[in-house]
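Reader: I'm new to looking at protein models. Could you walk me through how to read one?

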Amino acid sequence: MEKMVHERLVYVIETNEQLRSSQYGFRIRRGTIDPIISLEHQIRVGLVKGKFTIVVFFDLKAAFDSVDHIVLLKTLAQLNIGGEMLTWIISFLSNRQIQVILENKYSSKQNINCGVPQGSILSPILFIILLSTLPQGILPVVSNELADDIAFSVTAKTMERAEMLMQDAIERLEGWCNSVKLNINIQKTKVMCFTSKRLNTPSLKLNGEDIEVVKKFKYLGMMLDAPYLTWEPHITMIIEKCTKNNNILRAIAGTKFGADRDSILKINEALNRSRIAYGCPAFLSASKTQLNRLEVLQNTALRIAIGAWRSTRICNLQVEANVVPITFYIQQQSISLYYKMKAKDPTHPVHTHIFNPNHRRNLVWTKLFKKPFAIQVESILNSWNLSNNPMLETLLYPIIPPWFNLGQLIEHDIVNPTNKSMGKEQNKQSVLETLRTKYHDYTHIYTDGSKSNDDKTGAAFFCSTKHYPLKLETP
(Lines give C-alpha, C1' and ligand atoms only; values in the text may rest on other atoms or scores of the structure.)
Protein backbone atom coordinates (compact mmCIF):
# COMPACT_ATOMS: atom_id res chain seq x y z
CA MET A 1 0.00 0.00 0.00
CA GLU A 2 2.82 2.40 0.91
CA LYS A 3 4.57 1.66 -2.40
CA MET A 4 1.41 2.52 -4.32
CA VAL A 5 0.95 5.78 -2.44
CA HIS A 6 4.64 6.59 -2.91
CA GLU A 7 4.47 6.03 -6.67
CA ARG A 8 1.44 8.29 -7.06
CA LEU A 9 2.73 11.01 -4.74
CA VAL A 10 6.13 11.13 -6.47
CA TYR A 11 4.47 11.30 -9.88
CA VAL A 12 2.38 14.34 -8.91
CA ILE A 13 5.24 16.14 -7.15
CA GLU A 14 7.79 15.52 -9.91
CA THR A 15 5.60 16.19 -12.94
CA ASN A 16 4.46 19.48 -11.39
CA GLU A 17 8.10 20.35 -10.56
CA GLN A 18 7.27 21.12 -6.93
CA LEU A 19 10.58 19.99 -5.44
CA ARG A 20 13.73 22.10 -5.28
CA SER A 21 15.93 21.58 -8.33
CA SER A 22 18.95 21.42 -6.01
CA GLN A 23 17.53 18.40 -4.12
CA TYR A 24 19.27 15.20 -5.27
CA GLY A 25 18.16 12.73 -2.63
CA PHE A 26 15.72 9.88 -3.35
CA ARG A 27 14.88 11.13 -6.84
CA ILE A 28 15.03 9.32 -10.16
CA ARG A 29 18.28 9.75 -12.14
CA ARG A 30 19.90 11.70 -9.34
CA GLY A 31 22.44 10.57 -6.80
CA THR A 32 25.32 11.45 -4.54
CA ILE A 33 27.73 12.02 -7.44
CA ASP A 34 25.69 14.98 -8.75
CA PRO A 35 26.37 17.44 -5.89
CA ILE A 36 29.98 16.22 -5.66
CA ILE A 37 30.64 16.96 -9.35
CA SER A 38 28.85 20.30 -9.10
CA LEU A 39 30.90 21.33 -6.08
CA GLU A 40 34.16 20.12 -7.63
CA HIS A 41 33.47 22.19 -10.75
CA GLN A 42 32.77 25.33 -8.72
CA ILE A 43 35.95 24.90 -6.68
CA ARG A 44 38.16 24.31 -9.75
CA VAL A 45 36.80 27.35 -11.59
CA GLY A 46 37.18 29.49 -8.48
CA LEU A 47 40.80 28.41 -8.02
CA VAL A 48 41.87 29.15 -11.59
CA LYS A 49 40.21 32.58 -11.43
CA GLY A 50 42.01 33.42 -8.19
CA LYS A 51 38.78 33.71 -6.21
CA PHE A 52 37.60 32.47 -2.81
CA THR A 53 35.17 29.54 -2.64
CA ILE A 54 33.57 29.04 0.78
CA VAL A 55 31.58 25.86 1.43
CA VAL A 56 29.49 25.24 4.56
CA PHE A 57 28.32 21.71 5.34
CA PHE A 58 25.26 21.65 7.59
CA ASP A 59 24.07 18.81 9.78
CA LEU A 60 20.40 18.64 10.77
CA LYS A 61 20.02 17.11 14.22
CA ALA A 62 17.83 13.95 14.11
CA ALA A 63 16.32 15.24 10.88
CA PHE A 64 13.84 12.43 10.07
CA ASP A 65 12.80 12.06 13.72
CA SER A 66 12.17 15.79 14.17
CA VAL A 67 9.67 16.37 11.35
CA ASP A 68 6.66 18.22 12.73
CA HIS A 69 3.48 16.57 11.45
CA ILE A 70 1.45 19.79 11.33
CA VAL A 71 4.15 21.63 9.35
CA LEU A 72 4.49 18.68 6.96
CA LEU A 73 0.74 18.45 6.35
CA LYS A 74 0.53 22.20 5.76
CA THR A 75 3.34 21.88 3.21
CA LEU A 76 1.48 19.11 1.41
CA ALA A 77 -1.68 21.21 1.33
CA GLN A 78 0.27 24.16 -0.09
CA LEU A 79 1.48 21.86 -2.88
CA ASN A 80 -2.17 21.02 -3.69
CA ILE A 81 -1.92 17.52 -2.24
CA GLY A 82 -5.40 17.06 -0.82
CA GLY A 83 -8.44 14.81 -0.87
CA GLU A 84 -8.01 11.14 -0.12
CA MET A 85 -4.21 11.33 -0.54
CA LEU A 86 -3.84 13.88 2.28
CA THR A 87 -6.36 12.01 4.43
CA TRP A 88 -4.40 8.79 3.98
CA ILE A 89 -1.09 10.48 4.90
CA ILE A 90 -2.70 11.96 8.04
CA SER A 91 -3.79 8.47 9.02
CA PHE A 92 -0.32 7.12 8.12
CA LEU A 93 1.38 9.54 10.54
CA SER A 94 -1.21 9.37 13.32
CA ASN A 95 -1.43 7.09 16.36
CA ARG A 96 2.05 5.65 16.02
CA GLN A 97 3.84 4.20 19.03
CA ILE A 98 7.33 2.99 19.87
CA GLN A 99 8.55 0.32 22.25
CA VAL A 100 12.05 -0.74 23.30
CA ILE A 101 13.16 -4.30 23.98
CA LEU A 102 16.30 -4.96 26.05
CA GLU A 103 17.31 -8.41 27.31
CA ASN A 104 13.83 -9.79 26.56
CA LYS A 105 12.19 -7.03 28.57
CA TYR A 106 9.75 -4.60 26.97
CA SER A 107 9.34 -0.96 27.86
CA SER A 108 5.97 0.72 27.99
CA LYS A 109 4.60 2.03 24.72
CA GLN A 110 5.09 5.72 23.99
CA ASN A 111 3.16 7.84 21.51
CA ILE A 112 5.07 9.53 18.65
CA ASN A 113 4.02 13.10 17.96
CA CYS A 114 6.70 13.97 15.40
CA GLY A 115 9.01 12.38 12.86
CA VAL A 116 8.46 10.15 9.85
CA PRO A 117 8.68 6.35 10.26
CA GLN A 118 12.22 5.19 9.52
CA GLY A 119 12.29 2.21 7.17
CA SER A 120 9.13 3.23 5.33
CA ILE A 121 9.38 3.92 1.60
CA LEU A 122 7.26 7.05 2.13
CA SER A 123 9.49 8.71 4.72
CA PRO A 124 12.21 10.03 2.36
CA ILE A 125 9.76 11.64 -0.08
CA LEU A 126 7.80 13.22 2.80
CA PHE A 127 11.02 14.63 4.21
CA ILE A 128 12.24 16.17 0.94
CA ILE A 129 8.74 17.62 0.42
CA LEU A 130 9.24 19.42 3.73
CA LEU A 131 12.65 20.63 2.47
CA SER A 132 10.98 22.05 -0.65
CA THR A 133 10.03 25.07 1.46
CA LEU A 134 13.71 25.87 2.07
CA PRO A 135 14.17 29.51 0.96
CA GLN A 136 15.96 30.07 -2.31
CA GLY A 137 19.43 31.47 -1.74
CA ILE A 138 20.61 34.70 -3.28
CA LEU A 139 23.02 34.11 -6.16
CA PRO A 140 25.89 33.40 -6.32
CA VAL A 141 25.24 31.18 -3.27
CA VAL A 142 24.69 27.62 -4.55
CA SER A 143 22.76 25.07 -2.51
CA ASN A 144 23.22 21.30 -2.89
CA GLU A 145 20.94 19.02 -0.88
CA LEU A 146 20.84 15.26 -0.62
CA ALA A 147 17.99 14.65 1.82
CA ASP A 148 19.28 16.10 5.12
CA ASP A 149 22.85 16.67 3.86
CA ILE A 150 22.87 20.38 2.96
CA ALA A 151 25.87 22.25 1.56
CA PHE A 152 26.03 25.96 0.71
CA SER A 153 28.85 27.23 -1.51
CA VAL A 154 29.76 30.66 -2.80
CA THR A 155 32.59 32.02 -4.96
CA ALA A 156 33.65 35.67 -4.80
CA LYS A 157 36.64 37.85 -5.61
CA THR A 158 37.29 38.79 -1.98
CA MET A 159 36.97 36.97 1.31
CA GLU A 160 34.78 39.77 2.72
CA ARG A 161 32.31 39.46 -0.13
CA ALA A 162 32.17 35.66 0.18
CA GLU A 163 31.68 35.86 3.95
CA MET A 164 28.87 38.40 3.61
CA LEU A 165 26.96 36.33 1.06
CA MET A 166 27.41 33.10 3.01
CA GLN A 167 26.44 34.66 6.35
CA ASP A 168 23.21 35.94 4.80
CA ALA A 169 22.43 32.44 3.46
CA ILE A 170 23.15 30.91 6.89
CA GLU A 171 20.78 33.33 8.61
CA ARG A 172 18.07 32.51 6.10
CA LEU A 173 18.57 28.80 6.82
CA GLU A 174 18.39 29.48 10.57
CA GLY A 175 15.05 31.27 10.15
CA TRP A 176 13.66 28.46 8.02
CA CYS A 177 14.74 25.80 10.53
CA ASN A 178 12.99 27.69 13.30
CA SER A 179 9.79 27.92 11.24
CA VAL A 180 9.68 24.17 10.48
CA LYS A 181 10.98 23.14 13.93
CA LEU A 182 14.26 21.56 12.76
CA ASN A 183 17.59 22.07 14.52
CA ILE A 184 21.10 22.48 13.08
CA ASN A 185 23.87 20.67 14.90
CA ILE A 186 26.56 23.35 15.36
CA GLN A 187 29.17 20.77 16.45
CA LYS A 188 28.89 18.84 13.18
CA THR A 189 28.49 21.87 10.91
CA LYS A 190 31.82 22.72 9.23
CA VAL A 191 33.17 25.31 6.82
CA MET A 192 35.97 25.00 4.23
CA CYS A 193 37.68 27.59 2.08
CA PHE A 194 39.26 26.81 -1.29
CA THR A 195 41.64 29.43 -2.63
CA SER A 196 45.18 29.99 -3.81
CA LYS A 197 45.46 33.03 -1.52
CA ARG A 198 47.14 32.96 1.88
CA LEU A 199 44.03 34.23 3.63
CA ASN A 200 41.89 31.09 3.77
CA THR A 201 40.18 31.12 7.19
CA PRO A 202 36.69 32.62 6.92
CA SER A 203 34.73 33.76 9.98
CA LEU A 204 31.08 32.63 9.99
CA LYS A 205 28.52 32.26 12.76
CA LEU A 206 25.57 29.93 13.31
CA ASN A 207 23.12 30.77 16.10
CA GLY A 208 25.69 33.18 17.47
CA GLU A 209 28.49 30.59 17.61
CA ASP A 210 31.57 30.41 15.36
CA ILE A 211 31.49 27.62 12.78
CA GLU A 212 34.65 25.51 12.85
CA VAL A 213 36.92 25.90 9.82
CA VAL A 214 38.47 22.59 8.73
CA LYS A 215 41.00 21.53 6.11
CA LYS A 216 39.45 18.11 5.53
CA PHE A 217 35.81 17.04 5.52
CA LYS A 218 34.02 13.88 4.45
CA TYR A 219 31.08 14.88 2.25
CA LEU A 220 28.81 12.14 0.89
CA GLY A 221 31.61 9.61 1.22
CA MET A 222 34.26 11.80 -0.46
CA MET A 223 37.11 13.30 1.59
CA LEU A 224 37.53 16.92 0.48
CA ASP A 225 40.74 18.79 1.28
CA ALA A 226 41.36 22.53 1.32
CA PRO A 227 42.64 24.82 -0.02
CA TYR A 228 43.50 23.13 -3.38
CA LEU A 229 41.30 19.98 -3.51
CA THR A 230 44.13 17.56 -4.35
CA TRP A 231 42.10 14.46 -3.37
CA GLU A 232 45.17 13.13 -1.53
CA PRO A 233 43.26 12.47 1.76
CA HIS A 234 40.47 10.69 -0.11
CA ILE A 235 42.87 8.40 -1.98
CA THR A 236 44.71 7.74 1.30
CA MET A 237 41.38 6.77 2.88
CA ILE A 238 40.68 4.35 0.00
CA ILE A 239 44.14 2.77 0.32
CA GLU A 240 43.82 2.32 4.08
CA LYS A 241 40.49 0.52 3.75
CA CYS A 242 41.50 -1.56 0.73
CA THR A 243 44.79 -2.61 2.35
CA LYS A 244 42.73 -4.34 5.05
CA ASN A 245 40.72 -6.01 2.29
CA ASN A 246 43.94 -7.26 0.69
CA ASN A 247 44.83 -8.89 4.00
CA ILE A 248 41.49 -10.69 3.82
CA LEU A 249 42.38 -11.88 0.31
CA ARG A 250 45.72 -13.21 1.61
CA ALA A 251 43.90 -15.14 4.32
CA ILE A 252 41.61 -16.95 1.88
CA ALA A 253 44.13 -17.44 -0.96
CA GLY A 254 46.60 -20.28 -1.34
CA THR A 255 48.03 -22.68 -3.90
CA LYS A 256 46.83 -25.80 -2.05
CA PHE A 257 43.96 -24.42 0.00
CA GLY A 258 41.44 -21.59 0.05
CA ALA A 259 39.38 -19.99 -2.71
CA ASP A 260 40.17 -20.33 -6.40
CA ARG A 261 41.39 -17.51 -8.64
CA ASP A 262 37.98 -16.52 -10.03
CA SER A 263 36.44 -16.32 -6.56
CA ILE A 264 39.24 -14.11 -5.23
CA LEU A 265 38.99 -11.82 -8.26
CA LYS A 266 35.24 -11.47 -7.66
CA ILE A 267 35.85 -10.69 -3.99
CA ASN A 268 38.44 -8.10 -5.01
CA GLU A 269 35.89 -6.60 -7.41
CA ALA A 270 33.31 -6.35 -4.63
CA LEU A 271 35.61 -5.07 -1.87
CA ASN A 272 38.27 -2.98 -3.60
CA ARG A 273 37.17 -2.02 -7.10
CA SER A 274 33.74 -0.90 -5.90
CA ARG A 275 35.35 1.40 -3.31
CA ILE A 276 37.60 2.93 -5.97
CA ALA A 277 34.68 3.27 -8.39
CA TYR A 278 32.57 5.40 -6.06
CA GLY A 279 33.16 9.05 -6.91
CA CYS A 280 36.16 8.29 -9.14
CA PRO A 281 35.01 10.77 -11.85
CA ALA A 282 35.44 13.53 -9.26
CA PHE A 283 39.06 12.64 -8.49
CA LEU A 284 39.87 12.28 -12.19
CA SER A 285 41.70 15.58 -11.62
CA ALA A 286 44.03 14.06 -9.02
CA SER A 287 47.73 14.02 -9.84
CA LYS A 288 49.39 11.06 -11.53
CA THR A 289 51.30 10.38 -8.32
CA GLN A 290 48.08 9.90 -6.39
CA LEU A 291 46.47 7.75 -9.09
CA ASN A 292 49.59 5.58 -9.24
CA ARG A 293 49.05 4.77 -5.56
CA LEU A 294 45.75 3.17 -6.58
CA GLU A 295 47.54 1.24 -9.35
CA VAL A 296 49.94 -0.22 -6.76
CA LEU A 297 46.97 -1.17 -4.59
CA GLN A 298 45.25 -2.98 -7.46
CA ASN A 299 48.45 -4.77 -8.56
CA THR A 300 48.92 -6.09 -5.01
CA ALA A 301 45.41 -7.56 -5.05
CA LEU A 302 45.97 -9.13 -8.49
CA ARG A 303 49.23 -10.79 -7.35
CA ILE A 304 47.39 -12.29 -4.40
CA ALA A 305 44.54 -13.57 -6.58
CA ILE A 306 46.76 -15.05 -9.29
CA GLY A 307 49.57 -16.19 -7.01
CA ALA A 308 52.17 -14.36 -9.07
CA TRP A 309 55.71 -13.40 -8.07
CA ARG A 310 56.51 -9.82 -7.12
CA SER A 311 58.73 -9.66 -10.22
CA THR A 312 55.82 -10.49 -12.56
CA ARG A 313 55.25 -7.77 -15.15
CA ILE A 314 52.21 -5.62 -14.39
CA CYS A 315 50.82 -5.92 -17.92
CA ASN A 316 50.92 -9.72 -17.58
CA LEU A 317 49.02 -9.49 -14.29
CA GLN A 318 46.31 -7.37 -15.87
CA VAL A 319 45.97 -9.69 -18.86
CA GLU A 320 45.75 -12.79 -16.65
CA ALA A 321 43.09 -11.17 -14.46
CA ASN A 322 41.32 -9.49 -17.41
CA VAL A 323 41.48 -6.15 -15.57
CA VAL A 324 42.28 -2.76 -17.09
CA PRO A 325 44.66 -0.28 -15.38
CA ILE A 326 43.09 2.00 -12.78
CA THR A 327 43.69 5.12 -14.87
CA PHE A 328 41.78 3.64 -17.81
CA TYR A 329 39.04 2.39 -15.49
CA ILE A 330 38.57 5.87 -13.97
CA GLN A 331 38.47 7.39 -17.46
CA GLN A 332 35.89 4.81 -18.55
CA GLN A 333 33.67 5.56 -15.54
CA SER A 334 34.08 9.31 -16.12
CA ILE A 335 33.08 9.08 -19.78
CA SER A 336 30.01 7.04 -18.85
CA LEU A 337 28.98 9.62 -16.24
CA TYR A 338 29.69 12.48 -18.66
CA TYR A 339 27.27 11.05 -21.25
CA LYS A 340 24.63 10.48 -18.57
CA MET A 341 24.93 14.06 -17.36
CA LYS A 342 24.83 15.42 -20.89
CA ALA A 343 21.60 13.49 -21.50
CA LYS A 344 19.94 15.17 -18.53
CA ASP A 345 17.38 17.92 -18.93
CA PRO A 346 19.21 21.20 -19.76
CA THR A 347 17.44 22.75 -16.76
CA HIS A 348 19.04 20.18 -14.43
CA PRO A 349 21.26 22.18 -12.03
CA VAL A 350 24.38 20.09 -12.61
CA HIS A 351 23.91 20.21 -16.40
CA THR A 352 23.60 24.00 -16.42
CA HIS A 353 26.54 24.32 -14.04
CA ILE A 354 29.28 22.12 -15.49
CA PHE A 355 28.43 22.80 -19.16
CA ASN A 356 28.16 26.56 -18.70
CA PRO A 357 30.35 28.18 -21.42
CA ASN A 358 30.95 31.22 -19.18
CA HIS A 359 33.00 28.98 -16.86
CA ARG A 360 35.46 28.11 -19.64
CA ARG A 361 36.41 31.42 -21.18
CA ASN A 362 39.96 32.75 -20.80
CA LEU A 363 40.95 30.07 -18.29
CA VAL A 364 44.48 28.67 -18.17
CA TRP A 365 44.77 25.28 -16.49
CA THR A 366 48.09 24.32 -14.91
CA LYS A 367 49.47 21.56 -12.69
CA LEU A 368 48.21 23.49 -9.67
CA PHE A 369 44.88 24.48 -11.17
CA LYS A 370 43.45 21.21 -12.48
CA LYS A 371 40.65 21.02 -15.03
CA PRO A 372 37.20 20.21 -13.60
CA PHE A 373 35.34 17.01 -14.47
CA ALA A 374 33.55 18.06 -17.69
CA ILE A 375 36.61 19.69 -19.28
CA GLN A 376 38.80 16.74 -18.28
CA VAL A 377 36.44 14.27 -19.96
CA GLU A 378 36.16 16.37 -23.12
CA SER A 379 39.96 16.24 -23.41
CA ILE A 380 39.82 12.45 -23.09
CA LEU A 381 37.09 12.22 -25.74
CA ASN A 382 39.22 14.26 -28.14
CA SER A 383 42.30 12.12 -27.52
CA TRP A 384 40.29 8.92 -28.05
CA ASN A 385 38.39 10.34 -31.07
CA LEU A 386 35.04 9.62 -29.40
CA SER A 387 31.78 11.34 -30.28
CA ASN A 388 30.69 14.37 -28.28
CA ASN A 389 27.38 14.94 -30.06
CA PRO A 390 24.28 16.17 -28.18
CA MET A 391 22.52 13.38 -26.34
CA LEU A 392 18.87 12.52 -26.82
CA GLU A 393 16.66 13.49 -23.90
CA THR A 394 14.28 10.97 -22.37
CA LEU A 395 11.16 11.42 -20.27
CA LEU A 396 11.70 10.95 -16.54
CA TYR A 397 8.12 9.89 -16.01
CA PRO A 398 5.55 8.36 -18.36
CA ILE A 399 2.79 10.50 -19.79
CA ILE A 400 0.13 8.15 -18.41
CA PRO A 401 -0.21 8.59 -14.60
CA PRO A 402 0.25 5.49 -12.39
CA TRP A 403 -3.37 5.51 -11.18
CA PHE A 404 -4.71 5.11 -14.71
CA ASN A 405 -6.00 1.60 -15.44
CA LEU A 406 -4.07 0.48 -18.52
CA GLY A 407 -6.05 -2.74 -18.60
CA GLN A 408 -9.03 -0.97 -20.18
CA LEU A 409 -6.83 0.00 -23.14
CA ILE A 410 -5.68 -3.56 -23.85
CA GLU A 411 -7.77 -5.88 -26.02
CA HIS A 412 -8.11 -9.27 -24.36
CA ASP A 413 -10.98 -10.72 -26.38
CA ILE A 414 -10.13 -11.45 -30.01
CA VAL A 415 -13.01 -12.39 -32.35
CA ASN A 416 -11.50 -15.80 -33.03
CA PRO A 417 -9.35 -16.83 -30.04
CA THR A 418 -5.81 -17.84 -30.99
CA ASN A 419 -3.75 -20.77 -29.81
CA LYS A 420 -0.44 -22.43 -30.68
CA SER A 421 -2.07 -25.29 -32.60
CA MET A 422 -3.61 -22.90 -35.15
CA GLY A 423 -0.24 -21.91 -36.60
CA LYS A 424 1.30 -18.55 -37.34
CA GLU A 425 -0.85 -17.62 -40.36
CA GLN A 426 -4.18 -18.50 -38.75
CA ASN A 427 -3.33 -16.52 -35.59
CA LYS A 428 -2.36 -13.57 -37.75
CA GLN A 429 -5.68 -13.67 -39.62
CA SER A 430 -7.60 -13.82 -36.32
CA VAL A 431 -5.91 -10.66 -35.07
CA LEU A 432 -6.44 -8.86 -38.40
CA GLU A 433 -10.11 -9.83 -38.36
CA THR A 434 -10.49 -8.24 -34.93
CA LEU A 435 -8.85 -5.06 -36.20
CA ARG A 436 -11.22 -4.95 -39.22
CA THR A 437 -14.39 -5.53 -37.23
CA LYS A 438 -13.84 -3.65 -33.98
CA TYR A 439 -11.20 -1.04 -34.85
CA HIS A 440 -11.87 -0.18 -38.51
CA ASP A 441 -12.31 3.52 -37.68
CA TYR A 442 -9.10 3.73 -35.60
CA THR A 443 -5.65 4.84 -36.75
CA HIS A 444 -3.47 1.74 -37.05
CA ILE A 445 0.18 2.16 -35.95
CA TYR A 446 2.57 -0.80 -35.89
CA THR A 447 5.86 -0.77 -34.00
CA ASP A 448 8.85 -3.05 -33.69
CA GLY A 449 12.31 -2.94 -32.11
CA SER A 450 15.31 -5.22 -32.19
CA LYS A 451 18.89 -5.60 -31.02
CA SER A 452 21.77 -6.97 -33.08
CA ASN A 453 24.65 -9.12 -31.89
CA ASP A 454 27.03 -6.13 -31.82
CA ASP A 455 24.82 -4.36 -29.23
CA LYS A 456 23.26 -1.96 -31.73
CA THR A 457 19.56 -1.28 -31.34
CA GLY A 458 16.92 -0.03 -33.71
CA ALA A 459 13.23 0.80 -33.65
CA ALA A 460 10.58 1.73 -36.22
CA PHE A 461 6.88 2.38 -36.59
CA PHE A 462 4.49 2.16 -39.52
CA CYS A 463 1.18 3.97 -40.01
CA SER A 464 -0.92 2.75 -42.95
CA THR A 465 -3.70 5.36 -42.89
CA LYS A 466 -2.04 8.71 -42.19
CA HIS A 467 1.30 10.35 -42.69
CA TYR A 468 3.13 11.26 -39.49
CA PRO A 469 6.46 13.14 -39.81
CA LEU A 470 9.24 11.64 -37.72
CA LYS A 471 12.42 13.49 -36.82
CA LEU A 472 15.36 11.16 -36.45
CA GLU A 473 18.45 12.19 -34.47
CA THR A 474 21.71 10.35 -34.17
CA PRO A 475 22.85 9.96 -30.51
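Author: Let's start with a word we'll need: a residue is called buried when its relative accessible area is under 20%, exposed when that is over 50%, and partly exposed in between. Keep in mind that this is a predicted model. Here, Asp68 has a relative accessibility of 15%, so it counts as buried.

Reader: Okay, and what share of the 475 residues in the chain is buried?

Author: Buried residues come to 43% of them. As for the overall build, the chain has 14 helices and 15 strands, and its C-alpha trace spans about 80 × 65 × 65 Å along the principal axes.

Reader: Back to Asp68. Which side chain does Asp68 meet in a salt bridge?

Author: A salt bridge pairs a side-chain nitrogen of Lys or Arg with a carboxyl oxygen of Asp or Glu, within 4 Å. For Asp68 the partner is Lys181, at 3.6 Å from N to O. Lys181 sits in the loop between helix H6 and strand E8, while Asp68 is in the loop between strand E1 and helix H3, so the pair ties together parts that are 113 residues apart in sequence.

Reader: How many salt bridges does a search of the whole structure find?

Author: The search finds 10. One of them joins Glu212 and Lys190, with the closest N and O atoms 2.4 Å apart. Glu212 belongs to strand E11 and Lys190 to strand E8, so this pair links parts 22 residues apart in sequence.

Reader: Are Glu212 and Lys190 buried or partly exposed?

Author: One of each! Glu212 is partly exposed, at 44%, whereas Lys190 is buried, at 15%. For another bridge, look at Glu320 and Arg261, which meet at 3.0 Å, N to O. Glu320 is in helix H10 and Arg261 in helix H8, so parts 59 residues apart in sequence are tied together.

Reader: What about charges without such a partner? Which residues gather in a patch of positive charge on the surface?

Author: To join a patch, a residue needs over 30% relative accessible area and no salt bridge. The positive patch brings together Lys218, Lys241, Lys244 and Arg275. Arg275, in helix H8, is partly exposed at 35%.

Reader: And which residues make the nonpolar surface patch of about 840 Å²?

Author: That patch includes Leu395, Trp403, Phe404 and Ile410.

Key. Residues numbered from 1 in each chain as written. Predicted model: local features only at pLDDT ≥ 70, side-chain atom pairs only at ≥ 80, totals over all residues. Heavy atoms only, no water. Patch = residues over 30% accessible without salt bridge, like charges linked within 9 Å, V, L, I, M, F, W, Y side chains within 5 Å. Areas by Shrake-Rupley, 256 points an atom, 1.4 Å probe, with all protein chains shown as cover. Lys, Arg positive; Asp, Glu negative; His and termini not counted. Charge placed at Lys NZ, Arg CZ, Asp CG, Glu CD. Helix = DSSP H or I, 4+ residues; strand = E, 2+ residues; numbered from the N terminus. Buried < 20%, exposed > 50% of the residue type's maximum accessible area, 1.4 Å probe, protein only.
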